[in-house]
Amino acid sequence: MALVAETTEKKSGPSMVVQLGLLAVLTAAAAGSGWFAGGYLQDLQPVIKDDTPAGVKPQEKAEAEDGAAPEEAMAPVLVPIDPITINLAEPSEVWLRTELQLLMADATDPVMPLVIHQDLVAYLRTLKLRQIESPSGFQHVKADLLERANIRANGKVKDVLVSTFLFE
């Protein structure tokens, strides 16, 4: 019987020193590119020059220029709209009930919330359950509601606040 000698093969590859050197070079390249990108993006930011003396609040500056406090009519107004109960487009046996409020620049037109309500009902009827199952899907629907409300109100809606969003 012949004895077979087992030989162990050494792994051939880069040594630990070469790997650490490569890691250091890649880290330095990433940090350098991040530094350059940050400088580039900072140069793109608009420069806002404020000639307000230190210690003077912006509201005090407005009062000093106008001679009076800003009007209360310029404050945003929270306008509740009627609850919406609809069935979804797919699956049609799932119902959605939502209560929304609009944060508007002004509430001078009493018909505007009704027009926005009807448009939002029409939009919500086209939704499918799979579109709003995830948290990001809900955020997309909320953004779409704000966009549609702004189209109907000519940009007067600042935000759409969701009080209730219930599936049954």
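The model is predicted, so local features need pLDDT of at least 70 and side-chain atom pairs count only at pLDDT 80 or more, while totals for chains, interfaces and linings use all residues. Residues are numbered from 1 along each chain as its sequence is written, and side-chain values use heavy atoms, with hydrogens and water left out.

**Fold and burial**
- The protein chain holds four helices and four strands, where helices (H or I, at least four residues) and strands (E, at least two) are DSSP runs numbered from the N terminus.
- Along the sequence these elements follow the pattern α-α-β-β-β-α-α-β.
- Of the 168 residues in the protein chain, 18% are buried, a word that means under 20% relative accessible area, whereas exposed means over 50% and partly exposed lies in between (1.4 Å probe, protein chains only).

**Salt bridges**
- The count comes to six salt bridges, each being a side-chain nitrogen of Lys or Arg within 4 Å of a carboxyl oxygen of Asp or Glu.
- Arg97 pairs with Glu99, with the closest N and O atoms 3.1 Å apart; Arg97 is partly exposed at 32%, and Glu99 is partly exposed at 28%.
- Asp119 forms a salt bridge with Arg152, the closest N and O atoms being 3.2 Å apart.
- Because Asp119 lies in helix α3 (residues 112-124) and Arg152 in helix α4 (residues 135-152), this pair ties together parts that are 33 residues apart in sequence.
- Asp119 counts as buried at 9% relative accessibility, whereas Arg152, at 41%, counts as partly exposed.
- Lys142 and Asp159 also form a salt bridge, their closest N and O atoms being 3.9 Å apart.
- That pair links distant parts of the chain, since Asp159 is in strand β4 (residues 157-167) and Lys142 is in helix α4, 17 residues apart.

**Surface patch**
- Met16, Leu20 and Leu23 make a nonpolar surface patch of about 330 Å²; patch residues have over 30% relative accessible area and no salt bridge, with like charges joined within 9 Å and nonpolar side chains (Val, Leu, Ile, Met, Phe, Trp, Tyr) within 5 Å.
- Leu20, which lies in helix α1 (residues 16-44), counts as exposed at 52% relative accessibility.

**Cavity**
- A search of the whole structure finds one cavity of 30 Å³ or more, a cavity being a set of points on a 1 Å grid over the protein atoms alone where a 1.4 Å probe fits but cannot get out.
- The largest cavity holds about 30 Å³ of space, and its lining residues, which have an atom within 4 Å of a point, include Met104, Asp106 and Lys156.

Technical notes: Areas by Shrake-Rupley, 256 points an atom, 1.4 Å probe, with all protein chains shown as cover. 1 Å grid on protein atoms, 1.4 Å probe; cavity = no way out; pocket = protein on both sides within 12 Å on 5 of 7 lines; lining within 4 Å. Points joined across faces, edges and corners; volume = space filled by probe spheres on them.
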